[in-house]
Amino acid sequence: MEVDEMETRMMELQGSGERVEYKIKTESDEERDDHENISDSPCESVPSTSETPRKRTQLEDSCDSLIKKAVVVLTRLPEYKISALRPPTPPQFYSEDESLSSSDSDTQSEPEVSEPAPVIISSAFAHSSDETRNVRPDLPEEDVKVDMMVLARKRFMRWQRGKIVEIVTKEDGRLKYKVSFEERGKSLVSGHHIAFDTTPKLEQLYVGARVVVKCQDKFRSAVLAELPSRKNRLRFLVFLDDHVPLYVGLPLLHLVCRPLENVLDDLPDGPHKSFMYRYLQDWPYPHLTLYSAGQSLNVELNGVQQRCEVQVVDSSLVQVIFQENQQKEWIHRGSTRLEHMARFLELKRAEELNDDSD
């Protein structure tokens, strides 16, 4: 009985060996070449039918392993492991899970980014005394005489050329000048409301000087704010009495004949007078905001802060265009019309009050 079972087993192994041998023989020529180059391949040599059953079994198992297919098993990780593997979400953005749970929309609005406030500097305008002089030079006064041509104030912000026809002494000793205007009319004015019709000398001018400026064939009163320097390309900066800043050349300036001891007393009370008082106090270290072309900002216009865009930066001035009406205007970079400067000065005043209370 055992002999019969052994013979049956041998026949099965022999049949298996023949199947393996047949498989190898039917391979392509290229595959045969590859097998010949692999010396340790278990299918390189095929055992004969005379080999022992144990060797045949090992050979069969080895060849069966070659035709096994790889199987990839995917396992779902627990949610807590997935969360642990995720990188942290920055606070200014939303994660995918948060966006799906908070909104059914496929689109997501971008986070708002606030515009950085501009830098406000307070550096020396210049170092030469000829460029920063803010005290009236100790020079002899020029005479004011009858028949002399002058520029005289006819009304606020409007000066005209005329001739002094009479000098009147008041009971209190003050002098008044009667001027006959070229465009008809006469007016009795004080010495701080007439200006020389000639071009002043550079050594007569100083920051804070009361002047009259020729603008577009009109004469307007102003306060001198900058002397020529490399920073302003050798020009004079003036503030007209309505807060408009201008860069002008020497031929457009006219010195007021008898200015008040405090030139700001000639200005009407209001924001411009307050601005000029602070400006002259800070000189030669004026506060200026740093802007660049294309930058957006808010500027006060008719009592309301309106959106603007910087067009040009010229020394201490900046030209802006209002988005609402496309109006262009030059503004001083230290003006309180600039929202950034107004806030800066409010904080500065609050700090000064706190220091005084301490």
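Charges and rings in a predicted model

Q: This is a predicted model. What makes the charged end of Lys154 count as sitting over the ring of Phe181?
A: The charged end of Lys154 is 5.3 Å from the centre of the Phe181 ring. The cut-off is within 6 Å, along with an angle within 35 degrees of the ring normal, so a charge listed as sitting over a ring has passed both.

Q: And which ring does the charged end of Arg235 sit over?
A: That of Tyr247, at 4.1 Å from its centre.

Q: Why is the contact between Glu329 and Arg337 called a salt bridge?
A: N to O, their side chains come to 2.4 Å. The rule asks for a Lys or Arg nitrogen within 4 Å of an Asp or Glu carboxyl oxygen, so this pair qualifies.

Q: What do you get for Arg158 and Glu183?
A: A salt bridge too, with 4.0 Å from N to O. Arg158 belongs to strand β3 and Glu183 to the loop between β4 and β5, so the pair ties together parts that are 25 residues apart in sequence.

Q: How do you know that Glu183 is exposed?
A: Its relative accessibility is 52%, and exposed means over 50%, so Glu183 gets that label. Arg158, at 33%, is partly exposed.

Q: Where do Arg343 and Glu339 sit relative to each other?
A: They're four residues apart in helix α8, separated by about one helical turn.

Q: Why is the aromatic pair of Phe125 and Trp283 called tilted?
A: The planes of Phe125 and Trp283 are at 40°. Under 30 degrees would be stacked and over 60 edge-to-face, so what falls between is tilted. Their centres are 5.0 Å apart, and the pairing limit is within 6.5 Å, so they do pair.

Q: What does that pair tie together?
A: Phe125 is in the loop between β1 and α6, Trp283 in the loop between α7 and β12, so parts 158 residues apart in sequence are tied together.

Q: Which residues share an aromatic cluster with Phe125 and Trp283?
A: Phe239, Phe275 and Tyr279. Phe275 and Tyr279 both lie in helix α7, four residues apart.

Key: Residues numbered from 1 in each chain as written. Predicted model: local features only at pLDDT ≥ 70, side-chain atom pairs only at ≥ 80, totals over all residues. Heavy atoms only, no water. Helix = DSSP H or I, 4+ residues; strand = E, 2+ residues; numbered from the N terminus. Buried < 20%, exposed > 50% of the residue type's maximum accessible area, 1.4 Å probe, protein only. Phe/Tyr/Trp six-rings, centres within 6.5 Å; stacked < 30°, edge-to-face > 60°.
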